[in-house]
Amino acid sequence: MKFGQVEDPSKIDFTLPKDHPKTVEVLKRNNKGLENISIGCAKWNKTDLKGFYPKGTKDELTYYATQFNSIELNATFYGMPTPEQVRIWKEKTPANFKFFPKITNTVSHFRRLLNITDAVTQFATAVLEFDEKLGMVFLQLHDNFKPKDFERLEKFVKDWVKEIPLAIELRNAEWFYDEEIFNKTCTLFEENKITNIIVDTAGRRDMLHMRLTTASAFIRYVGANAESDYSRLDDWLERLAKWKEEGLQNLYFFVHQNIEKASPLLSAYFIEKFNKEFEVEIHIPEMPGIKNMF
């Protein structure tokens, strides 16, 4: 994932900003405690995750699902999934596995949320075939989709299929630097139970807004293939522990790298530390020499 990549990560201040004041208010509404934890990568392709798969691996998804409990499914962004394809993916994974499919770019990038009823219906019909293995769908808006088109976003949110949990990633900087616009958008998300995605990447610190709009935290963490990647994850553990105390219900944390083959290694580090901090037993991905990283 090249988005937000910088030439010299050492020049970036990776300190996590303070929570938005509204975040604690949102979390305190949940009295169920932390119910769901999904930690994974964005792809299962052997080319991208070179070195992750043992020799002789016949099916990449089947093996991936023995090592992780979830996948941020970017494949559905590049091509409209069919119900048949979704059923195949579903059947290759164990009972506790969750898929987080990205809405097809026909909706977000090509039609830019205009005249999309047919495409949204087609997408929703397909992903509903995941049944209990559907974690949350997410919409990633184009970098140049700006607040001037707020009405399109508002209509999309209000028309969304309520049976399917939805998260939205805003990318254009104008959504964040105008406080009035940002608050108006977050209110829209809150009122419609839409999760506001947080992106932690070197070159776009504005997307690290720390404003939750539901009791779910959907975090897309992009490492810089630098030593700081690990200390950044340590900082996230501290913040997530705080959110858990305040009422976090669902955690969806997906690890990317500019060089994706390092993603499983970074994920394993995070899961190892997460298990200790939260006293859970999420499976730690098995890779040669991985224990030497801790």
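Let me start with contacts, where contact means heavy atoms within 4.5 Å. Among contacts in this protein between residues at least 6 apart in sequence, 76% join residues at least 24 apart. This is a predicted model: local features need pLDDT of at least 70, side-chain atom pairs count only at pLDDT 80 or more, and totals for chains, interfaces and linings use all residues. Residues are numbered from 1 along each chain as its sequence is written, and side-chain values use heavy atoms, with hydrogens and water left out.

Now the overall build. The protein has 11 helices and 9 strands; these are DSSP runs numbered from the N terminus, with helices being H or I of at least four residues and strands being E of at least two. Its radius of gyration is 18 Å, close to the 19 Å that the globule rule gives for 294 residues, so the protein is as compact as a globular protein of that length. That radius is taken over C-alpha atoms, and the rule is 2.2 Å times the number of residues to the power 0.38. The C-alpha trace spans about 50 × 45 × 40 Å along the principal axes.

Of the 294 residues, 56% are buried. Buried means under 20% relative accessible area, exposed means over 50%, and partly exposed is in between, with a 1.4 Å probe and protein chains only.

Next, helix α6, residues 117-127. Which of its residues are buried? They are A119, V120, F123, A124, A126 and V127. Seen down the axis of α6, these buried residues fall within an arc of 160°, so they line one face of the helix. The arc is that of the directions from the helix axis to the C-beta atoms. As background, an α-helix has 3.6 residues a turn, so residues three or four places apart point the same way. What does the buried side of α6 pack against? Its buried residues pack against helices α3 (75-78), α4 (83-91), α5 (105-110) and α7 (150-159), and against strands β3 (98-101) and β4 (137-140).

Most residues other than glycine have a negative phi. K193 also has a positive phi, near 60°. K193 sits in the loop between α9 (179-191) and β6 (195-196), and it is exposed, with a relative accessible area of 70%.

Now the loop between β7 (198-200) and β8 (216-223), which holds R204. Is R204 buried or exposed? At 17% relative accessibility, R204 counts as buried. Leaving out residues up to four places away in sequence, R204 touches F3, R171, N172, A173, F176 and V199.

T201 is in the loop between β7 and β8 too. T201 is buried, at a relative accessible area of 1%. Beyond its neighbours within four places in sequence, T201 is in contact with F3, G4, V222 and R232.

That leaves F176, in helix α8, residues 174-177. F176 is buried, with a relative accessible area of 15%. Not counting residues up to four places away in sequence, F176 touches L170, R171, F182, R204, D206, M207 and H209. F176 and L208 are 32 residues apart along the chain, and their C-alpha atoms are separated by 9.6 Å.
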